[in-house]
Amino acid sequence: MKKLVSYLFATTLIIIASPVMSGELPSPTGPVLLTVSGNIQRSNNNGVAEFDREMLLALTQRTISTENPWNDGINTYSGPLGEAIMDAVGVKGTVITVTALNDYSADLPTSDLSEFGVIFAMSMNDKELRVRDRGPLFVIYPFTGRPELNSERYHNRSVWQINRIVVNE
């Protein structure tokens, strides 16, 4: 039974990911966690790209174990690479504005996403991030072992409770 569930999950991810990889963006079937707008090439709802949890999980994932100013010790965060989200929507811009549920926002150069392997964490220590845990999405830089990232500049870019991204020119 466990193998069947694993097979069905893997098959579902492949079905969801296939349109994204082929240049199409499928429509979400679950609650929308993230909306991307602005200077993008692919959308699925009147010029914006909407992602549900399954769509985000279908993108290239990464795990980062790191310390940060908001949690004690080293924690393990997992989620889609920021670069994978940008690739899925066909980003043309060089700066994104990441905005939280409370309207706090920060500008991130898209170069940060590839240079540092920034993720949009959906889980911490194998537990899904809920709004009360800084979820559903939390920008995570690999702070540990990277002293240049332990500054106010990068801390301010680590937005949590993200629900939207605007891709600027």
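Modeller: Ring pairs link Trp-70, Tyr-77, Phe-116, Phe-138, Tyr-141, Phe-143, Tyr-154 and Trp-160 into a cluster. The model is predicted, so local features need pLDDT of at least 70 and side-chain atom pairs count only at pLDDT 80 or more, while totals for chains, interfaces and linings use all residues. Residues are numbered from 1 along each chain as its sequence is written, and side-chain values use heavy atoms, with hydrogens and water left out.

Colleague: How is a pair of aromatic rings described?

Modeller: Such a pair is described by the distance of the centres and the angle of the planes. Rings of Phe, Tyr and Trp (its six-membered ring) pair if their centres lie within 6.5 Å; planes under 30 degrees apart count as stacked, over 60 as edge-to-face and the rest as tilted. By this rule there are 9 aromatic pairs. The ring centres of Phe-116 and Tyr-141 are 6.0 Å apart and the planes stand at 55 degrees, so this pair is tilted.

Colleague: Which parts of the chain does the pair of Phe-116 and Tyr-141 link?

Modeller: The pair links distant parts, 25 residues apart: Phe-116 belongs to helix α4 (residues 110–116), and Tyr-141 to the loop between β10 (138–140) and α5 (152–157). Helices (H or I, at least four residues) and strands (E, at least two) are DSSP runs, numbered from the N terminus.

Colleague: Are Phe-116 and Tyr-141 buried or exposed?

Modeller: Buried means under 20% relative accessible area, exposed over 50%, and partly exposed in between (1.4 Å probe, protein chains only). Both Phe-116 and Tyr-141 are buried.

Colleague: What lies over the face of Trp-160?

Modeller: A charge sits over a ring if NZ of Lys or CZ of Arg is within 6 Å of the ring centre and within 35 degrees of the ring normal. Here Arg-134 lies over the face of Trp-160, 4.8 Å from the ring centre.

Colleague: Where do the side chains of a regular strand point?

Modeller: They alternate between the two faces of the sheet. In strand β2 (residues 49–52), Ala-49 and Phe-51 point one way, Glu-50 and Asp-52 the other, and all are buried.

Colleague: With which strands does β5 pair?

Modeller: Two strands pair if DSSP finds at least two bridges between them. Strand β5 (residues 95–100) runs antiparallel to β6 (residues 105–109), with 5 bridges, and antiparallel to β11 (residues 162–168), with 6 bridges. Val-98 stands opposite Ala-106 in β6, and Val-95 opposite Asn-168 in β11.
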